[in-house]
Amino acid sequence: MILHVILTMLKIAGIVFLALILLVLALLLAVLFVPIRYHLSVAFTEGKKSGEAHVSWLLHLISVSAFVEVPAAPGREETADENEGSDDVENPLSGLSNLQTGVRVRILGMDPAAIRAYFRKRKRKKKEQKRAKRKRSDQTGNVGQTENNRKRECASQTGKSGRAERSRLTEQAGRTKEITQMAQTVETGQSQQTKQTIETGPSQQTKQTVEAGPPRQIKQSDQTGSAARNTFFYKLRAFCDKIKQVPDRIRRLLRKGKKLLRKPEQIKRKLCRFFRKIEKYEAREVLLEVWEQVKRMLRHFRVRKGTGYFRFGTGDPALTGELTGVLYLLLPASCGDLQIEPQFTEPMLETELEIRGYIRLIHLVHLAWWAFFNKKLRRLIRAFRK
């Protein structure tokens, strides 16, 4: 019977332990393999300047959204009509000083700040209830205490009358003793002072005045020294001292020049050591492997969908052409709906973009795992640390 009970308890504990392990594994797999989705939208035109970003995970179980907006200035249309004839170009980045920003976090569709406020209110209510209970208990206890205090006061008043007479007698006896002690101390103090004056003789102050002698007089040499410094001979002597210091300065300059001449040699030695380390530890091959791994990770993190247009111009046709070429090279193939419209005649910047994609953390973990267990990379990092 006892063995059966023990086995059932172990069975229940094992089931609970396995359930916890499976729950932890499920959470780890969800964190690593469930994608973190992002959605970015930007609008930069004459009537609207704003940007929004939204990140969510596990069917919006956790979501974070942020926005940036520049409010339109009042009376802008009138100023635009007035400036139609003028040649001045309006700065597209004007008005960015009055930014309006905000961040919102949701967990299971609820705001964490609202949850905190709810729990704080509950704590305050509990504290108020406890205070009210204490006040009630104190009021009921004070009624019984007042009756006991009255009985004690009656008993104490009867005893105080006898104690007062005893205290008076003790005070009178103490005063007489103090008077006699004061008279004795006065007599003894006067006798000691007279003895000290007879033994010591003159005071210490008179001795100090005798030893110090008359006060010192200001020497005339100190007054004449300041005037002698302004003379011709004094200036000549200072000039000669400066000339004597010239050889020492030249030696210092030569030492600094030698150090500067040695620096190129030191730089060459350091470069030679660097290249030797690269050859010894096969740094070029290792860096190429690292670059390939990073490329793979960026492929997984690429933008999956992009829509909208990007209209820009710098005023220089050559520069705008170069920038369009760079943008088309960087633009992923999945963003075919995104249009790039260069303006070669005037400087401008207008855009309305929407970008979507997702990221899996398993790719970052894979890169970290590869870097940790790659012996060549670890050897190279240790060599450069030294």
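Reader: Which residues make the nonpolar surface patch?
Author: Met1, Ile2, Leu3, Val5, Ile6, Leu7, Met9 and Leu10 make this patch, with an area of about 920 Å². Such a patch joins nonpolar side chains (Val, Leu, Ile, Met, Phe, Trp, Tyr) within 5 Å, or like charges within 9 Å, from residues with over 30% relative accessible area and no salt bridge. A salt bridge is a side-chain nitrogen of Lys or Arg within 4 Å of a carboxyl oxygen of Asp or Glu, and the areas come from the Shrake-Rupley method with a 1.4 Å probe, where only the protein chains shown count as cover for residues. The model is predicted: local features need pLDDT of at least 70 and side-chain atom pairs pLDDT 80 or more, while totals for chains, interfaces and linings use all residues. Residues are numbered from 1 along each chain as its sequence is written, and side-chain values use heavy atoms, without hydrogens and water.

Reader: And where does Ile2 lie?
Author: Ile2 belongs to helix H1, residues 2-33 (helices, H or I, have at least four residues and strands, E, at least two; both are DSSP runs numbered from the N terminus). Its relative accessible area is 67%, so Ile2 is exposed (exposed is over 50%, buried under 20%, partly exposed in between, with a 1.4 Å probe and protein chains only).

Reader: New topic: how many aromatic pairs are there?
Author: The whole structure holds four aromatic pairs. In one of them, the ring centres of Tyr118 and Phe119 are 5.7 Å apart and the planes stand at 70°, so this pair is edge-to-face. Rings of Phe, Tyr and Trp (its six-membered ring) pair if their centres lie within 6.5 Å; planes under 30 degrees apart are stacked, over 60 edge-to-face, and the rest tilted.

Reader: What about Phe310 and Phe312?
Author: Phe310 and Phe312 form a tilted pair, with 5.4 Å from centre to centre and 35° between the planes. Phe310 is partly exposed at 22% relative accessible area, whereas Phe312 is buried at 6%.

Reader: Which residues is Glu350 in contact with?
Author: Apart from neighbours within four places in sequence, Glu350 touches Phe44, Glu46, Tyr309, Phe310 and Arg311 (contact means heavy atoms within 4.5 Å). Glu350 sits in strand E7, residues 348-359, and counts as buried because its relative accessible area is 18%.

Reader: Where is Gly109 found?
Author: Gly109 is in the loop between strand E4 (100-107) and helix H3 (112-200). Although 49 residues separate Gly109 from His60 in sequence, their C-alpha atoms are 7.8 Å apart in space. Gly109 is exposed, at 52% relative accessibility.
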